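Thanks for sending this one over. Here are my notes, in the order I would go through them with you.

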Amino acid sequence: MCTCPNCNSKVTRVHDYRIQRIKDIPLFFKHTFIILKKRRYRCNACGKNFMNI
Ligand SMILES: [Zn+2]
């Protein structure tokens with residue numbers, strides 16, 4: 001549960017999950033992946049979509 005940054009009402013529904021791989025930072029000759037799991041919410045009150053990492 002989180003709060004809408006636009007209108008400050010509580011948002012309980014997760015609209016979408018997305019896993020994003022930010023790849024390929026060569027580090028000590030190994031390839032590294034940064035994995036972000038983003039949650040997208042949609043506010044019921046104002047209809048705005050926003051992200052929460
Ligand atoms: Zn809102």
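The points below cover the model, the fold, the metal site, the cysteines and one backbone angle.

1. **Ground rules.** This is a predicted model, in which local features need pLDDT of at least 70 and side-chain atom pairs count only at pLDDT 80 or more, while totals for chains, interfaces and linings use all residues. Residues are numbered from 1 along each chain as its sequence is written, and side-chain values use heavy atoms, with hydrogens and water left out.

2. **Fold.** The chain has five strands and zero helices, with the elements running β-β-β-β-β from the N terminus. Here helices (H or I, at least four residues) and strands (E, at least two) are DSSP runs, numbered from the N terminus. Of the contacts between residues at least 6 apart in sequence, 34% join residues at least 24 apart; contact means heavy atoms within 4.5 Å.

3. **Surface.** The accessible surface of the chain is about 4600 Å², and carbon and sulfur atoms account for 52% of that. The areas come from the Shrake-Rupley method with a 1.4 Å probe, and for residues only the protein chains shown count as cover. Buried residues make up 15% of the 53 residues, where buried means under 20% relative accessible area, exposed over 50%, and partly exposed in between (1.4 Å probe, protein chains only).

4. **Zinc site.** Which residues hold the zinc ion? The SG atoms of Cys 4, Cys 7, Cys 43 and Cys 46 coordinate the zinc ion at 2.3 Å, and these donors follow the spacing C-x2-C-x35-C-x2-C. Cys 4 lies in the loop between β1 (2–3) and β2 (10–11) and Cys 46 in the loop between β4 (30–42) and β5 (49–52), so this pair ties together parts that are 42 residues apart in sequence. Donors are N, O and S atoms within 2.8 Å of the metal (3.2 Å for Na, K and Ca); water is not among the atoms, so sites may look incomplete.

5. **Geometry.** The angles among the four donor atoms are 106 to 116°, making the site tetrahedral, a label that requires all angles to lie between 85 and 135 degrees. The ideal angle for four tetrahedral donors is 109.5 degrees.

6. **Cysteines.** Cys 4 is buried at 0% relative accessible area, whereas Cys 46 is partly exposed at 35%. Cys 2 is buried at 11%. Zero disulfides (cysteine sulfur pairs within 2.5 Å) are found in the whole structure. For Cys 2, the closest cysteine sulfur is in Cys 4, 8.4 Å away, which is too far for a bond.

7. **Backbone.** Asn 8, in the loop between β1 and β2, has a positive phi near 65°. Most residues other than glycine have a negative phi. Asn 8 is exposed, at 60% relative accessible area.

Methods: Tetrahedral: all angles 85-135°; square planar, octahedral: opposite > 155°, others 65-115°.
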